[in-house]
Amino acid sequence: MIADRIRELRQARGWTQAELARRMGITRNGINSWEQGLSTPSPGSLVELSRIFLVSTDYLLGVEKLAAINVSGLDEREIAILAELADRLRSKGANTAL
């Protein structure tokens, strides 16, 4: 579960394993090992991943299914725009699934 989430979040941002490794200050082999499920991130690395990807550690661990977006620093109008975009993307996904 963790391996899939890390890979999906990284790919969604268009980052290579090397790019994520650089952002975390670790080797690309470390990222690859996590994504292959050969090892798991330490608690500190999980916190760093959640900070980088703006999701909760519970999401990374598969405890919760919903990803959260950190909206601190945004005003109410900007938050409303993000919510509307999320709704449109969900409905678009529902329409293509039919």
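Me: What covers the buried residues of α3?
Reply: The cover includes α1, α2 and α4. Buried means under 20% relative accessible area, exposed over 50%, and partly exposed in between (1.4 Å probe, protein chains only). Helices are DSSP runs of H or I with at least four residues, strands are runs of E with at least two, and both are numbered from the N terminus. This is a predicted model, where local features need pLDDT of at least 70, side-chain atom pairs count only at pLDDT 80 or more, and totals for chains, interfaces and linings use all residues. Residues are numbered from 1 along each chain as its sequence is written, and side-chain values use heavy atoms, with hydrogens and water left out.

Me: Which residues of α3 are buried?
Reply: Gly-30, Ile-31, Ser-33, Trp-34 and Glu-35. Just after α3 comes Gly-37, with a positive phi of about 75°.

Me: And in α2, which ones are buried?
Reply: Gln-17, Leu-20, Ala-21 and Met-24. They fall within an arc of 100° seen down the axis of α2, so they line one face of the helix. That arc is taken from the directions from the helix axis to the C-beta atoms.

Me: What is Met-24 in contact with, beyond its neighbours within four places in sequence?
Reply: Ile-31, Trp-34, Ser-45, Glu-48, Leu-49 and Ile-52. Contact means heavy atoms within 4.5 Å.

Me: New topic. How many residues are in the largest nonpolar core?
Reply: It has 16. Leu-20, Met-24, Leu-49 and Phe-53 have the most contacts inside it. A nonpolar core is a set of buried Ala, Val, Leu, Ile, Met, Phe, Trp, Tyr and Cys residues joined through side-chain atoms within 4.5 Å.

Me: Which helix gives the most to this core?
Reply: α4, with four residues.

Me: How many aromatic pairs are there?
Reply: One. Rings of Phe, Tyr and Trp (its six-membered ring) pair if their centres lie within 6.5 Å; planes under 30 degrees apart are stacked, over 60 edge-to-face, and the rest tilted. Trp-15 and Phe-53 have ring centres 5.8 Å apart and planes at 25°, so they are stacked. Trp-15 is in the loop between α1 and α2, and Phe-53 is in α4, 38 residues apart.

Me: What sits over the ring of Trp-15?
Reply: The charged end of Arg-23, 3.9 Å from the ring centre. The rule wants NZ of Lys or CZ of Arg within 6 Å of the ring centre and within 35 degrees of the ring normal.
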